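Dear colleague,

I am handing over a structure that you have not worked with before, and I would be glad if you kept it open while you read the notes that follow it.

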Amino acid sequence: MLKTKNFIFVSVLVLFSIQVEADNPNPINIEQRCNIEDRLTFFEAVGRSDWALRCELISVRTHDYFVYDDWGNRRSQVYYPSFYKPSHFSDWFSAPRVKSYSCTSYGHTSYIGCLSDAPFGSTSLLFASGEFAIFDAYTQQVHELVIVDESSTLDSIHLGEANVSIYGEEASISSLSVVKITTQTGSTLTVTPEHPLLLATGKFKAAKYLTNYDEIVSQDGEFESILSVEPLSITAQLYKTDINIQQTTQKHNQNNVIVVTQGYLSGYLFENQHSAKGHRLALRDNIPDSLIF
């Protein structure tokens, strides 16, 4: 009889330990929470962090880390808090995504940090030191733009560098039409509808006119067939920008420069150095200053 009681008691302890482990954050639960249950867009995440700061649920220092990089620029993907009750990870709270919303959190004061979606899942122009959105290149004083050398052919792509001057200023948050292109390799790039991409035929075609019969050219010179072209309407932070070639390894026509857009070769219109600045709106964190006619 005594042995039976001990056996039952031990079983209860085992069940309890399993429950505690399942109710605390672990990599699988965190991934589920951040990527599915409480997944936020870029602007929703900024709103969530601003709300949490106003309601004193996160510190100023945490908010700064979530939203800004080491240079004080807003991250291309921001972090945000996902709240749950202390010691009860499964009891979570879909917190507000607007700064001015009520501070009622219903006791959900513990949180994990999740990473937002990118503004619309794209990368930036290729510079010698890496990929940057035009406005980020401006604020971080990046000047060496990677371009296709004029000696290149479709059979032999050679990349060089051009020294550029960049101007930028913040504009507004607006709704904008973009095109998401997916290739046969599963790679994607997102540009404005008029952005000209280099085809395997050696000609340029605006993104909105691409079809499954077209092949675009990667920066490695590979031809990739178009799998799909999807028009989208996104809300994004816009920036007024201007970029001009100052010096290259050889003479280039500024209106005929080929650059690397999210891993693919594309045409790029550089505004005249003496023209009014800011006539084009660049999508930050897109390959931006994509042609907007």
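To begin with a single residue of this predicted model, Ser-187 touches Ile-181, Thr-182 and Tyr-264, leaving aside residues up to four places away in sequence. Ser-187 is placed in the loop between strand E7 (159-183) and strand E8 (188-191), and with a relative accessible area of 30% it is partly exposed. Ser-187 and Glu-224 are 37 residues apart in sequence, while their C-alpha atoms are 9.5 Å apart in space.

The aromatic rings come next. The count comes to 9 aromatic pairs, and one of them is formed by Tyr-65 and Tyr-79, whose rings are stacked at 5.7 Å centre to centre with 15 degrees between the planes. Because Tyr-65 lies in helix H4 (residues 60-67) and Tyr-79 in strand E1 (residues 79-85), this pair ties together parts that are 14 residues apart in sequence. Tyr-65 counts as partly exposed, at 47% relative accessibility, and Tyr-79 also counts as partly exposed, at 26%.

Phe-93 and Tyr-106 form an aromatic pair that is edge-to-face, with 5.6 Å from centre to centre and 75 degrees between the planes. Since Phe-93 belongs to strand E2 (residues 88-93) and Tyr-106 to the loop between E2 and strand E3 (110-115), the pair ties together parts that are 13 residues apart in sequence. Phe-93 counts as buried, at 11% relative accessibility, whereas Tyr-106 is exposed, with a relative accessible area of 57%. Both residues belong to one aromatic cluster, which is formed by Trp-51, Phe-83, Phe-93, Tyr-106 and Tyr-111.

A ring also meets a charge: the charged end of Arg-33 sits over the ring of Phe-89, at 4.2 Å from the centre of that ring.

The last point concerns two helices. Helix H3 (residues 42-54) and H4 pack at an angle of about 175 degrees, and their axes are 10 Å apart; angles over 145 degrees count as roughly antiparallel, and H3 is therefore roughly antiparallel to H4. On the H3 side the contact involves Ser-49, Asp-50 and Leu-53, which meet Val-60, His-63, Phe-66 and Val-67 in H4. The residues of this contact divide into 4 nonpolar, 2 polar and 1 charged.

How values were computed: Residues are numbered from 1 along each chain as its sequence is written. This is a predicted model: local features need pLDDT of at least 70, side-chain atom pairs count only at pLDDT 80 or more; totals for chains, interfaces and linings use all residues. Side-chain values use heavy atoms; hydrogens and water are left out. Rings of Phe, Tyr and Trp (its six-membered ring) pair if their centres lie within 6.5 Å; planes under 30 degrees apart count as stacked, over 60 as edge-to-face and the rest as tilted. Helices (H or I, at least four residues) and strands (E, at least two) are DSSP runs, numbered from the N terminus. Buried means under 20% relative accessible area, exposed over 50%, partly exposed in between (1.4 Å probe, protein chains only). A charge sits over a ring if NZ of Lys or CZ of Arg is within 6 Å of the ring centre and within 35 degrees of the ring normal. Axes are lines fitted to C-alpha atoms, for helices over the stretch in contact, and angles run from 0 to 180 degrees between N-to-C directions. Angles under 35 degrees count as roughly parallel, over 145 as roughly antiparallel, 65 to 115 as roughly perpendicular and the rest as oblique. Contact means heavy atoms within 4.5 Å. Ala, Val, Leu, Ile, Met, Phe, Trp, Tyr, Cys and Pro count as nonpolar, Asp, Glu, Lys and Arg as charged, and the others, Gly among them, as polar.
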